[in-house]
Amino acid sequence: MPAVSKGDGMRGLAVFISDIRNCKSKEAEIKRINKELANIRSKFKGDKALDGYSKKKYVCKLLFIFLLGHDIDFGHMEAVNLLSSNKYTEKQIGYLFISVLVNSNSELIRLINNAIKNDLSSRNPTFMCLALHCIANVGSREMAEAFAGEIPRILVAGDTMDSVKQSAALCLLRLYKTSPDLVLMGEWTSRVVHLLNDQHMGVVTAAISLITCLSQKNPDEFKTCVSLAVSRLSRIVSSASTDLQDYTYYFVPAPWLSCKLLRLLQCYPPPEDGAVKGRLVECLETILNKAQEPPKSKKVQHSNAKNAILFEAISLIIHYDSEPNLLVRACNQLGQFLQHRETNLRYLALESMCTLASSEFSHEAVKTHIETVINALKTERDVSVRQRAADLLYAMCDRSNAKQIVAEMLSYLETADYSIREEMVLKVAILAEKYAVDYSWYVDTILNLIRIAGDYVSEEVWYRVIQIVINRDDVQGYAAKTVFEALQAPACHENMVKVGGYILGEFGNLIAGDPRSSPLVQFNLLHSKFHLCSVPTRALLLSAYIKFINLFPETKSTIQEVLRSDSQIRNSDVELQQRAVEYLKLSSIASTDVLATVLEEMPPFPERESSILAKLKKKKGPGAVSVNELEEGKREGELNGGGERSGDNSAIAASNASTPSPSADLLGLRTVPPVAAAAPSAGSLLVDVFSEAGVNDDGFLRDLEPPTESSDSLLAEGPGDSDSAPPSVVSEDPAPPLPESNELLNKFVCKNNGVLFENQLLQIGIKSEYRQNLGRMYLFYGNKTSVQFVTFTTTVSCPGELQSQLNVQTKQVEPLIEGGAQVQQVINIECLTDFCDAPLLNIKFRYGGALQNLSLKLPVTINKFFQPTEMASHDFFQRWKQLSQPQQEAQKIFKANHAMDTEVLKAKLLGLGMALLENVDPNPENFVCAGVIQTKAQQVGSLLRLEPNAQAQMYRLTVRSSKDTVSKRLCELLAEQF
């Protein structure tokens with residue numbers, strides 16, 4: 001860099017800064033700044049032309065004032081003029097001012113781009129570096145368009161100086177991150193990769209940052225970098241600290257470059273070339289060996305650099321997961337860090353060992369450190385380190401150490417930080433279930449869990465223990481005895497009362513032979529907790545009481561007195577009042593046989609994925625376990641080989657906190673015979689109570705996973721795989737669409753998941769995904785009754801012109817749906833051209849001999865095929881003006897149907913599928929969006945502007961598209977949403 005001459009000291013600037021610092025008050029500072037701004041403005045507007053030095057001085061003062069927090073609205077042109085100077089200091093100040101103050105949308109960008117082009121073509125390395133730094137600092141799309149083709153040429157040119165190459169590589173990286181679609185390497189790819197062989201280490205360091213970013217997006221194009229990276233890494237690792245004198249940091253050769261090389265290699269699988277792989281393994285072994293050597297310096301910088309390379313090497317070993325020897329060595333090295341005095345090293349060691357524990361090669365090696373990890377859980381001061389220790393215990397757990405780990409985690413729970421208790425509870429519950437060898441231990445563990453951390457035990461946990469007790473005859477008596485003893489404690493958590501009420505209500509008869517747990521003793525014990533509980537728990541206890549009347553007729557009069565009391569039949573809560581009245585009436589008028597049928601023991605639950613696992617999968621943030629790890633655990637460690645069942649249908653009807661769905665017949669006392677009604681009511685009530693979805697549109701199917709077919713295979717099935725529903729034995733014509741079909745369709749314009757239709761017999765849920773002009777829809781048909789649906793058939797048809805606009809393929813659905821069961825159907829959709837109508841779904845089945853025939857509109861609307869498009873303000877309004885023909889615009893002014901909530905409006909516009917553009921419309925109250933509808937025939941660009949008037953409670957919606965039918969249809973759809 002050129003030396004700054006003595007005359008460039010800018011004494012006036014120094015005096016001004018000194019005056020500002022000497023100001024005694026904010027008012028004095030503002031007064032001095034305003035005086036200086038007036039002086040600078042007069043100098044810039046004066047007739048006398050200013051020399052370069054004066055311009056530089058005044059621009060520098062403006063920059064200093066801006067950095068003090070004051071707005072600057074002039075001087076930009078003078079700064080641009082400085083770029084044409086041949087003096088380094090003047091050009092430097094000009095570029096600095098532009099980098100800090102000039103907006104990427106400024107009208108001066110073209111002038112700035114011209115000056116930058118002149119400097120890039122000047123071949124003066126100092127000026128070229130200044131220009132490249134300015135491009136990287138501003139990083140606007142306009143600059144990317146102007147220079148994305150020029151910078152790679154500078155980067156790979158043979159006569160470019162090393163300092164310029166470094167700046168060019170980092171500048172290109174910045175442009176790629178902001179505008180990846182404009183930075184196309186193409187012919188430059190191989191030459192950029194070969195910069196890894198450059199003799200100048202600075203060039204290699206800058207280039208590898210660029211190559212790593214490019215490799216993550218286009219791995220196949222840059223796969224040749226693997227062998228070059230291994231070669232460069234080998235040279236660095238095998239070199240002595242004196243070989244790379246300029247790039248040795250506290251006796252560690254090129255630590256930053258080494259880390260970047262190791263990180264680049266993690267973008268690719270292990271090398272296929274045996275020689276390259278052998279050389280890489282040798283490098284990794286050398287790094288592990290150097291970690292064992294005594295430090296060459298006691299300075300913390302030395303150990304930091306050395307450990308940075310070591311941890312990056314271990315990450316690469318874990319990524320490859322193919323070298324048992326290296327994995328075990330890495331585990332042993334991390335084990336030494338577990339007791340290191342440096343907290344950060346202990347944290348990183350625990351975090352890396354969590355990943356190692358999932359490898360079949362290193363799992364046993366990780367388990368040898370169990371005592372050290374348990375000690376860390378108990379003694380670490382830092383909560384984040386304790387959380388990593390808990391994660392590692394969870395990861396290393398298997399059948400051989402499950403009881404020890406669960407016991408330690410339970411012990412830690414009593415003093416654990418509140419922020420991690422809920423996650424700890426979930427992990428203990430999962431481990432206890434996954435590795436239980438006898439069910440009595442599992443029951444003891446979960447009840448202990450509720451006792452220790454009851455407030456953090458979610459419903460999924462106690463649902464799950466209920467499921468397992470219901471499904472295992474051999475544990476029911478033990479569970480009843482254990483929960484009876486637990487309820488005798490003076491202070492008992494409400495979750496314990498829920499479990500106790502359920503289990504004693506179902507299996508209290510198994511311990512009733514002991515005088516200490518006679519039926520009346522059980523009832524009195526439960527009822528002693530009644531007044532302390534919330535409404536949902538009281539509802540569950542009332543259901544347990546009516547079960548007691550069935551199990552123990554001798555308690556009938558006592559329980560009827562409780563149900564008859566004013567506190568029950570006149571309860572302010574309608575749910576409790578209804579239960580008390582109905583249960584009292586049922587116990588009074590029903591015969592013994594009817595009572596036994598209505599209140600029969602719960603049947604086993606169907607086998608599904610554990611709801612606790614599902615909850616942990618959804619959990620985000622530190623310590624959350626990956627989905628892959630959970631799936632692996634599910635395969636290898638199911639409870640005693642018995643599979644895992646869902647918590648969505650996991651407890652009795654009584655635990656519902658809210659008033660039941662109208663379709664749920666609590667007691668089977670409707671017009672159908674009571675015996676036949678009992679089972680359906682239980683089944684339908686289970687769906688309402690224990691499915692997280694229930695009848696809530698927003699929550700429906702939130703835990704369901706789509707089928708395992710890859711999303712890349714949309715519409716890839718052959719004719720034999722995707723035919724329509726099987727021939728029906730029912731000959732009736734399809735029913736006309738339901739009157740509410742259009743209303744149901746409008747509910748899904750801005751969302752893809754939810755309940756499409758529901759009546760007393762059938763619930764239809766929907767989950768869909770779209771990519772470009774392809775879509776896949778999953779329909780879930782749920783039988784809400786206990787009676788089979790037979791000859792169940794579905795047909796999807798495209799009426800009229802829709803046949804040539806949409807290509808719809810359906811997969812066959814099962815013709816028989818058992819009571820309480822659910823079947824799934826996959827529908828593949830291809831948008832051929834724009835459309836206005838919707839496909840029709842016809843469903844036919846027989847229920848109790850009666851034919852059910854209904855038709856609905858499938859929620860497939862044109863906006864589902866939007867691809868969001870980001871635009872700057874200038875581009876948006878330029879495109880808006882281009883779409884100015886009358887037929888291209890559709891506009892509607894309408895009254896607001898819902899509250900004018902800004903966040904709700906944003907959510908709906910995002911759900912529409914377009915990009916919501918911020919800070920584009922001059923009126924901040926307005927919303928503008930942009931997107932492209934992808935069809936097979938063409939792409940239709942669309943712009944939207946929504947202008948709310950909160951005072952009048954009105955909207956004006958304007959849609960402009962390159963096709964008139966699209967504008968009209970979008971306007972119609974959206975007007976119903978606000």
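**Close-up views of a predicted protein model**

**View 1. A nonpolar patch on the surface.** Four residues, Phe66, Leu67, Leu96 and Val100, come together as a nonpolar patch on the surface of this predicted model, and their accessible area together is about 330 Å². Two helices each give two or more residues to the nonpolar patch, namely α3, which covers residues 52–67, and α5, which covers residues 88–101. Leu67 is found in helix α3, and because its relative accessibility is 60%, above the 50% cut-off, Leu67 counts as exposed.

**View 2. Cysteines and the search for disulfides.** A disulfide is a covalent bond between the sulfur atoms of two cysteines.

**View 3. The chain as a whole.** The protein chain contains 41 helices and 16 strands, and 52% of its 978 residues count as buried. When contacts with a separation of 6 or more are considered, 69% of them in the protein chain are between residues 24 or more positions apart.

View 4. The average pLDDT of the protein chain is 81, and 86% of the residues score at least 70. Among the elements of the protein chain, helix α14, made of residues 255–265, has the highest mean pLDDT, at 93, while helix α36, made of residues 674–690, has the lowest, at 30.

**View 5. Two stretches to be read with care.** Over residues 1–7 the pLDDT stays under 50, and for this stretch the model has 5 contacts beyond four places in sequence. Over residues 620–731 the pLDDT also stays under 50, and here the model has 246 contacts beyond four places in sequence. Where pLDDT is low, the predicted coordinates should not be read in detail.

Note on methods
Residues numbered from 1 in each chain as written. Predicted model: local features only at pLDDT ≥ 70, side-chain atom pairs only at ≥ 80, totals over all residues. Heavy atoms only, no water. pLDDT = per-residue confidence, 0-100. Helix = DSSP H or I, 4+ residues; strand = E, 2+ residues; numbered from the N terminus. Contact = heavy atoms within 4.5 Å. Patch = residues over 30% accessible without salt bridge, like charges linked within 9 Å, V, L, I, M, F, W, Y side chains within 5 Å. Areas by Shrake-Rupley, 256 points an atom, 1.4 Å probe, with all protein chains shown as cover. Salt bridge = Lys/Arg side-chain N within 4 Å of Asp/Glu carboxyl O. Buried < 20%, exposed > 50% of the residue type's maximum accessible area, 1.4 Å probe, protein only.
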